[in-house]
Amino acid sequence: MALNGEKEEISRAIVHVLKEGQKDTFQKIVCELTPYEISWHYRGLPRKRRILFLEWLSMDQLVNLLRYLTRNEQLRVLKKIGPARSTELLEVLKSDDLAHLLSDLPEKEVNALIAEMRDEEKKDIRKKMKYPKKSAGRAMISQYVWVHESYTVEKTINKLKYFRDFADYLNYVYVINDEKELIGVASYRDLLLSEPDEAITDVMTTDIVKVHENTKESEVAKMIGRHDFLSVPVVNDDNILVGIITADDVLDIVVREANQDIDMLLASGKEIDFHTKPFVATYKRLPWLILLLFIGLVSGSIIAKFEATLEAVVALAFFMPMIAGMTGNTGTQSLAVVVRGLVTEELTMKKTLSLVFRELLVGIMLGIVCGAVISVIAYVWQGSFTLGLVVGSSLVATLIIGTLAGTIIPLILSKFKVDPAVASGPLITTINDILSLLIYFGIATMFISKLM
């Protein structure tokens, strides 16, 4: 990969050859670049140069470019290259990539994009679009090799060779019976180490790890991660093989899920990056911030309720930002731990209780250490033992509550089949601000006579 200085120089060269109409020189430059680098230079181009850039790319280069663009950028590319090339491009895309690209689009737009495709391709796309979003059916690919149980090893290898250009994936071959039910799987290694005249049923493994077509793709990712498989077969209610999901597809799923979780954890909206227009970024962030604004007003009303306490002991105001900030921070830390754990772990009641208990202990230990430190600081700074006790005990209580809130809220959301990442960092922080102020001023009011 080129260094930053070299990348800038290449970008200037690309703009120059596009401006001068030097197609051959353009191809020489692009052929030296990786697909990621091509996407990087495309994004950095002036908008008026992008159409020609796309026009001069080969079909293979276009396919590779699309893999490194966001979904919205992919749709804009399809519009720029025109109906003929977009149809050709859609036909060579893997079926799972195509299903993700067309997700959430109105039926009218989907029909317009696939209008010129072959009937068989249209049928396959429409069938895939009927599966639930983020299901194995949406993520699977249809280009795989299967053989009948009557095949020999030699006949199986010959079929693999015959379909080498059609199938995306040749590491495993799947064995079906007369009813098209999946009954076994054999790796290419198994075939190579077997005699040509051996029956495939003697070579195959019947202990098959498979997923249902409606299984969530996140569950498929966990399964492949646990078993270290290169792919898993997808079956329907009748155990009929309908597709496969490969490890590289799972990587795409994991990256996409991680990006979405980061977006929601930061309450920043989906698909906002360096290239998002200011108006679009504002529109996607605004709903969350408006919600948090109104929730934040509750904090103001709490302070107003304890106005007499604050007026009597002005020094209490000095520690308000620290109490609220520390509580929000520990809640966000717990939230990150839980969200990450939910992706990699199969939670049982025992594991859930163990996690909550552990975070409770963590909250207690954090509270005791931080509470002791701030008590000493408050006493030395303000010369009041009682103030130190109030601030320290408040911090102990709020860190425990904040840690538990950051743990329990995402677990509850997960239980009700809601993505726990929607319990975003700013939301947890705002809720913990309210709780911390209630605790802080509540304790201060109890000791008001000794504080004055």
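Modeller: Begin with exposure: a residue is buried under 20% relative accessible area, exposed over 50%, and partly exposed in between. This is a predicted model. Phe-163 has 27% relative accessibility, so Phe-163 counts as partly exposed. Tyr-162, at 66%, counts as exposed.

Biologist: How is a pair of aromatic rings described?

Modeller: By the distance of the centres and the angle of the planes. Here Tyr-162 and Phe-163 form an edge-to-face pair, 5.1 Å centre to centre with 85 degrees between the planes.

Biologist: How many aromatic pairs does a search of the whole structure find?

Modeller: Nine. One of them joins Tyr-36 and Tyr-68, edge-to-face at 6.0 Å centre to centre and 75 degrees between the planes. This pair links distant parts of the chain, 32 residues apart: Tyr-36 lies in helix α3 and Tyr-68 in the loop between α5 and α6. Tyr-36 is partly exposed at 35%, and Tyr-68 is partly exposed at 39%.

Biologist: Which residues form one aromatic cluster?

Modeller: Phe-26, Tyr-42, Phe-53 and Trp-56.

Biologist: At what angle do helices α5 and α6 pack?

Modeller: Helix α5 (residues 59-66) and helix α6 (residues 71-92) pack at about 125 degrees, with their axes 11 Å apart. That angle makes α5 oblique to α6. The crossing of α5 past α6 is left-handed.

Biologist: Which residues make the contact?

Modeller: Met-59, Leu-62, Val-63 and Leu-66 contribute from α5, and α6 supplies residues including Val-77, Ile-81 and Arg-85. By class, the contact has eight nonpolar, one polar and two charged residues.

Notes:
Residues numbered from 1 in each chain as written. Predicted model: local features only at pLDDT ≥ 70, side-chain atom pairs only at ≥ 80, totals over all residues. Heavy atoms only, no water. Axes fitted to C-alpha atoms, helices over the stretch in contact; angles between N-to-C directions. Helix = DSSP H or I, 4+ residues; strand = E, 2+ residues; numbered from the N terminus. Parallel < 35°, antiparallel > 145°, perpendicular 65-115°, else oblique. Left-handed = near helix turned anticlockwise from the far one by under 90°. Contact = heavy atoms within 4.5 Å. Nonpolar A, V, L, I, M, F, W, Y, C, P; charged D, E, K, R; others polar. Phe/Tyr/Trp six-rings, centres within 6.5 Å; stacked < 30°, edge-to-face > 60°. Buried < 20%, exposed > 50% of the residue type's maximum accessible area, 1.4 Å probe, protein only.
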